[in-house]
Amino acid sequence: MVFSTSSAFENPALFRRAILDLPITYSEGPVYKGAHFYIQLTGICDVACSHCMYSSDQSQRHSGPMRLDDADVELALRYVAESSPNKISISGGGEPFLELKHLLRIVEAAQCQYIELITAANWARSQDSAKSILLKISDAARSNPRSPEVMIRASIDLFHLTAPNPVPLQAYVNLTHAWIEHGDSLQLGFRGLLLEGDRSVDLLADALGGILEPQDSWNKVIRLSNDVILPVTLNVLRFSGKGEQYRSEMAHRTMALRQYFAAFEEAPNRLLLGRAINDAIKRTYYSVGGISITLDFDGSLYIFTATAPDRRCNIRTHTFRESVDWFYRDPITRVLMAEGPYWLCEVVRDIDNSLADRAIQANDVCSMVDTLLSDEVGRAFATAVALKTLLSRGEVTGFEQVRLVAAINELPMAALKESAIEAFKKKT
Ligand code: SF4
């Protein structure tokens, strides 16, 4: 396939494909070790918050499957065994406790030391159900030969308390009381929002007869009289999914994403979440040298904040090793793993300022890469820029005889950019 500066973006998908299929090798091999493995058991949620970044509710909003089935969960367990992640989070979008059988199966069988369960806690509406479910989780954790550390993190904010099917404050109180009495070795914490005027966590502290104590800009603890301490981690309000409707009204009431994550940048503007463990409740994000992967409820897999939307693979068709090889064929992923998503934001801004603004204004690091690479011209441009970046760093080998690589290597960045901008203009 021969591309010139002027023809590269006439068929951007073909141009990107040609780069992905290049017969070249990279000096850095893929990383075959897991870090944080996020598992979304379902896309359905009975609470249906109006701010949900995943747009979850009771509806079948997705054309494919809305939940992992029994076979998928076994594949996920195999994936965990192969990748050996330091941490698993069973999380939303969607309420994982609606898939209790699968959740318990993972807790009892996952070869991982640290398992986090993220929930809206609507299942704790009665003391009996709170107790019964906590006992089941404790039993599952006890039967796991790894004796994993299991932490439940319940989301509480004004949106959960006022959702179409709201979580009553009493559910969080029931959960806490059941945990104090029957929590065994389980840990409990809460997730709130950094949102001016949201007093939900204060209300919970009052209802529990405790004191809310600030720790730092994004952590508090609820201290109870019996020496019990409940950590509370606060996150920014995300304006993606259903949350987009609140952007103009509430952007000034929450912290900006960049400000929030500044403490976790490895260098200015280098936010390496693709290989970080999110230990928010322990007040840190840290790298263990592995890769962090999300398994979505439809079986799709991607490296967190480092995979283009057209480059996901699927747990039903790929082992861990095959997935990693597939991801690392994309120069965009390679540079994202080294530079983080703000790098991509600046690349896309070069050709489409409004798209870069939209990605930043969503205040959501989870959807940032998908938004930035939502257009095929932008994806092709970013692929070429990423390849040029890797070439300039001497990370590509065996390319001397490959005409397309030589052409991209020699192409001035300004010409590449001009050609992509021209392609954008033609489309609009
Ligand atoms: S934010 Fe959580 S609890 Fe609310 S609808 Fe989304 S997944 Fe459900």
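Two strands are taken to pair if DSSP finds at least two bridges between them. Helices (H or I, at least four residues) and strands (E, at least two) are themselves DSSP runs, numbered from the N terminus. The model is a predicted one: local features need pLDDT of at least 70, side-chain atom pairs count only at pLDDT 80 or more, and totals for chains, interfaces and linings use all residues. Residue numbers start from 1 along each chain as its sequence is written.

Strand β4 (residues 114–119) and β5 run parallel and are joined by six bridges. Within this pairing, Leu117 has Ile152 of β5 as its bridge partner. β5 also runs parallel to strand β6 (residues 187–193), with five bridges joining the two. Here Met151 is the residue that stands opposite Gln187 in β6.

How do things look around β5 itself? A residue is called buried if 20 or more other C-beta atoms lie within 10 Å of its own, exposed if 12 or fewer do, and partly exposed in between, with C-beta atoms placed from the backbone. Strand β5 (residues 149–155) is largely enclosed by the rest of the structure, because six of its seven residues are buried. Together with β4 and helix α4 (residues 127–143), β5 makes a right-handed β-α-β unit. Right-handed here means that, with the strands pointing away from the viewer, the path from the first strand over the helix to the second runs clockwise.

Turning to the ligand, 14 residues are found around it, and Cys45, Cys49, Cys52, Gly92 and Ala120 come nearest. To count as near, a residue needs its C-beta atom, placed from the backbone, within 6 Å of the molecule. The shell splits into seven nonpolar residues, six polar and one charged. In this sorting, Ala, Val, Leu, Ile, Met, Phe, Trp, Tyr, Cys and Pro are nonpolar, Asp, Glu, Lys and Arg are charged, and the others, Gly among them, are polar.

Most residues other than glycine have a negative phi, and most peptide bonds are trans. The peptide bond from Gly92 to Gly93, however, is cis, with omega near 15°. Gly93 sits in the loop between β3 (87–91) and α3 (100–109). Ser55, though not a glycine, has a positive phi of about 60°, and lies in the loop between β2 (34–40) and α2 (70–83). Ser55 counts as partly exposed because it has 18 C-beta neighbours inside 10 Å. Ser84 likewise shows a positive phi, near 50°, and is placed in the loop between α2 and β3. With 16 C-beta neighbours inside 10 Å, Ser84 is therefore partly exposed.
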